[in-house]
Amino acid sequence: MAETAPVLVNHRPFEPNPILSLHSIDSSIIKPHDSIAVVDDVEIPTVDYFMLFSDDLDERSKALEYIGHVCKDFGFFYLVNHGISDSVFEGVFKGISDFFNPTEIESRKQYEKKNPTDRIRWALRSSPGENREYLKIIAHPQYHCPTKPAGFSESMEEYFKGLREVVQGLGKAVSKALGFEECYIEKAFKLGTGFDVSAMNLYPPNFRSKGSIGLPDHTDPGFFVSLIQDVNGGLQVFSNDGNCINVNLPPNAIFINLGDHLEILTNGKYKSHVHRVVVDNNKVKRISVATLHGPSLDAFVSPAPEFVDDSHPPAYRGMTYKQSLQANGFDEIDVQSSIEQIRL
């Protein structure tokens with residue numbers, strides 16, 4: 001690829017950072033909640049999805065080079081011009097708000113955990129380590145969603161349909177950024193039957209929480225996780241130096257955080273980053289939708305030969321995506337990270 005400067009969108013000039021994630025940070029850097037330095041989101045780059053497929057070859061080349069820099073040196077970004085309309089976002093937030101109607105909590109208990117094959121699951125957590133009410137659904141390859149309230153399932157399905165196009169598009173763009181044919185990641189992950197789980201979260205205002213944590217520190221399995229929220233504040237992602245960055249999404253943007261299995265496939269070239277949710281500054285309730293876009297359950301994921309050599313031996317064990325989701329003893333719908341068990 002030609003040596004041209006990356007295209008920047010609403011972002012300070014690009015400054016490469018050393019490749020480092022919380023997986024390799026000394027434990028002394030990770031500080032207790034009250035002592036962590038929290039910074040503004042000026043460090044979060046913005047990727048223009050439309051530019052990744054521009055008819056202008058020079059613009060497209062610069063955009064692909066830029067997303068490669070972002071994936072390697074950040075591991076997370078805001079995605080804009082992705083083609084999902086404001087009205088779809090509004091329908092999603094209204095539908096979720098209606099579902100979490102405080103007077104209907106008894107009806108939601110029908111979705112409490114029953115067995116490992118649940119495709120819809122609801123829970124209410126209120127403890128010092130976790131404060132949220134959530135609904136998890138399998139969104140792909142088969143779509144599952146409560147039928148009530150009216151319009152809720154239809155609004156979510158429209159959003160997930162748009163997200164699937166984004167998944168396929170980012171698969172092509174990241175493949176090209178890595179220097180491969182655009183179907184590289186689609187083939188490696190079998191994205192056509194990718195296993196997507198969406199968590200719709202209702203975080204309480206701080207005066208109703210039992211602690212400062214809405215969701216504790218974690219990474220996510222899969223290709224990447226996409227997130228939208230109705231009110232900014234609370235979501236924080238750890239940067240390469242171990243500090244927290246507040247995620248304040250621009251209007252109609254999607255926050256993208258790379259997943260564990262892209263890290264595994266690239267043998268650590270691209271990293272998944274630890275993130276969390278805090279609620280101690282919440283003045284009002286907050287809704288978010290985090291969707292984990294995974295490989296097919298039967299896709300065998302291991303460090304690809306293109307990323308392995310004498311200087312970079314395999315750093316992860318290979319296994320199917322389903323095996324990795326079950327490695328910690330959790331159900332598929334729980335989609336918990338098992339990267340520490342997979343790491344060699």
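## Basis

The model is predicted, so local features need pLDDT of at least 70 and side-chain atom pairs count only at pLDDT 80 or more, while totals for chains, interfaces and linings use all residues. Residues are numbered from 1 along each chain as its sequence is written, and side-chain values use heavy atoms, with hydrogens and water left out.

## The five-stranded sheet

Five strands form an open sheet in the order β1-β10-β9-β12-β7, with mixed pairing. The edges are taken by β1 (38–39) and β7 (213–218); each has a single partner strand, so one side of each has no neighbour in the sheet. Strands (E, at least two residues) and helices (H or I, at least four) are DSSP runs numbered from the N terminus, and two strands pair if DSSP finds at least two bridges between them.

β7 and β12 (residues 275–278) run antiparallel and are joined by three bridges. Histidine 218 is opposite histidine 275 of β12.

## The largest pocket

The largest pocket has a volume of about 570 Å³. A pocket here is an open set of points on a 1 Å grid over the protein atoms alone, where a 1.4 Å probe fits, with protein on both sides within 12 Å along at least five of seven lines; lining residues have an atom within 4 Å of a point. Volume is the space filled by probe spheres set on the points, which are joined across faces, edges and corners.

Its lining has 36 residues, with Arg132, Lys136, Leu215, His218 and Gln336 nearest the centre. Elements giving two or more residues to this lining include β7 and β12, and β4 gives the largest share, five residues. The lining divides into 18 nonpolar, eight polar and 10 charged residues. Ala, Val, Leu, Ile, Met, Phe, Trp, Tyr, Cys and Pro count as nonpolar, Asp, Glu, Lys and Arg as charged, and the others, Gly among them, as polar.

## The second largest pocket

The second largest pocket holds about 380 Å³. Of its 17 lining residues, Leu124, Glu133, Leu202, Pro204 and Arg208 lie nearest the centre. At least two lining residues come from each of α3 (105–108), β4, β5 and β6.

## Asparagine 267

Asparagine 267 sits in the loop between α6 (260–265) and β12. Its relative accessibility is 12%, so asparagine 267 counts as buried (under 20% relative accessible area, with a 1.4 Å probe and protein chains only).

The side chain of asparagine 267 reaches the backbone oxygen of phenylalanine 307 at 3.2 Å. Beyond neighbours within four places in sequence, asparagine 267 has contacts (heavy atoms within 4.5 Å) with residues including Pro303, Val308, His312 and Tyr316.

How values were computed
Buried means under 20% relative accessible area, exposed over 50%, partly exposed in between (1.4 Å probe, protein chains only). A polar contact is a pair of N or O atoms within 3.5 Å; within protein, one must be able to donate a hydrogen and the other to accept it, and residues adjacent in sequence count only if both atoms are side-chain atoms.
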